[in-house]
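Student: I have a model open and want to work through its architecture. Can we start with the sheet and then look at a charged residue?

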Amino acid sequence: MSAPRGYRVAVLAGDGIGPEVVAEARKAAEAAGARFGFGLDWVDYDLGADRWLRTGEALPDAVLGELREVDAILLGAVGRPDVPPGVLERGLLLRLRFELDLYVNLRPVKLYPGVASPLADVKPDDIDLVVVRENTEGVYVGAGGTVHRGGPAEAATETSIETRAGVERCLRFAAAKARERAGRLTLVHKTNVLVHAGDLWQRAAREVAEETGVALDYAHADAACLYLVSDPGRFDVIATDNLFGDILTDLGAAIAGGLGTAASANLNPDSSPSLFEPVHGSAPDIAGTGRANPVAAVLSASLLLDHLGEREAAAAVEAGAVAALPGAAGYSTQALGDRIATAVAGGGSPN
Ligand code: IPM
Ligand code: MN
């Protein structure tokens, strides 16, 4: 008999609605583990606004060291109005992306049955694409500075850094993803203005497409916004830089019915651990009201299971979440999470 499978998953529930949605994601993953025969050993970390206000630490080195050893990380949301903007975003979330070298931010954009898109006349099959956002370079590196601060000569720079190696590994992941899907890769950039970085991306994309046999298309970032609204079916896999990917995926979430179902995976495809989080933030305005939609967190847990190689479990969690979506607004966070977990456990749809 083979040894039982088990995974250690660090949980950074974080702030606002983070803990509420993560609790439901855990339930769904647990139900999948019970059904498909693996165990999940959750390790909770109290990182976030409270910890920072108490100790001034966003991500202590010792904790980072522990996080390097787990199989995966599930994150709820970070940020609260009583913490200055940027402190937790840069100090916790972006630091994890950089330190763990999570160079792909994979964001599915999928319209599920029973979810209303703001676009007229679209059916679920019309919106089904994935964005592969480069996740460790671009303007996010924090290169730059301010001189003559506060004076009339004040100047600020924010330097975007793209490396051949960084761009290429992201494109290789995107091409592999395209091969699993419809085989179509669209590079999104702004080569008509950003001629240096754009040229690097363009040449690397052509080479990777040629090598891997995927059909390569190109759209400027502004045009890609237009197409996402006017003709989302033209996209299969989009590969793009960090900032364009950030912006495009909020638009992607909007056309697919909002942030309630937008999941993401921050991946290092070559070594563990990777980090999984809903695209939405901490939503302090609805925290504690039971109104947060846990589906984005549940779908992030599905991506986590998939990355661990638990394909059937991942599919069951996604199916459970999707089955619970029609009429989801009528349920509390916890009630919806219970319906999803029941569906995952039993393999049927909730009533
Ligand atoms: C996201 C978020 C983050 C980003 C913020 C919170 C730093 O908007 O994951 O899309 O800009 O990447
Ligand atoms: Mn964003």
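Student: In what order do the strands of the open sheet run?
Tutor: This is a predicted model. The sheet is open, has 10 strands and shows mixed pairing. The order is E2-E1-E3-E12-E11-E4-E5-E10-E8-E9.

Student: Which are the edge strands?
Tutor: Look for strands that pair on one side only. Residues 38-44 form one, and residues 215-220 form the other. The edge strands are E2 and E9.

Student: In E12, which residue is the bridge partner of alanine 72?
Tutor: Strand E3 covers residues 72-77, and strand E12 covers residues 274-278. The two run parallel and are joined by three bridges. Alanine 72 has as its partner in E12 serine 274.

Student: What angle does the direction of helix H7 make with that of E9?
Tutor: Helix H7 spans residues 221-230 and packs on the sheet. The helix touches E5, E8 and E9. Its direction and that of E9 make an angle of about 100°.

Student: Now the charged residue. Which side chain of opposite charge is nearest to glutamate 137, and how far away is it?
Tutor: Glutamate 137 sits in the loop between E5 and strand E6. This glutamate is buried yet lacks a salt bridge. A salt bridge needs the charged atoms within 4 Å.

Student: With which side chain does the side chain of glutamate 137 make a polar contact?
Tutor: Residues touching glutamate 137 include Phe98, Ile161, Thr163 and Asn242. The polar contact between side chains has a distance of 2.5 Å. The partner is threonine 163.

Definitions and conventions
Residues are numbered from 1 along each chain as its sequence is written. Chains are lettered from A and ligands numbered from 1 in the order in which they are written. This is a predicted model: local features need pLDDT of at least 70, side-chain atom pairs count only at pLDDT 80 or more; totals for chains, interfaces and linings use all residues. Side-chain values use heavy atoms; hydrogens and water are left out. Two strands pair if DSSP finds at least two bridges between them. Helices (H or I, at least four residues) and strands (E, at least two) are DSSP runs, numbered from the N terminus. Contact means heavy atoms within 4.5 Å. Axes are lines fitted to C-alpha atoms, for helices over the stretch in contact, and angles run from 0 to 180 degrees between N-to-C directions. Buried means under 20% relative accessible area, exposed over 50%, partly exposed in between (1.4 Å probe, protein chains only). Lys and Arg count as positive and Asp and Glu as negative; His and the chain ends are not counted. A polar contact is a pair of N or O atoms within 3.5 Å; within protein, one must be able to donate a hydrogen and the other to accept it, and residues adjacent in sequence count only if both atoms are side-chain atoms. Lists of a residue's contacts leave out its neighbours within four places in sequence.
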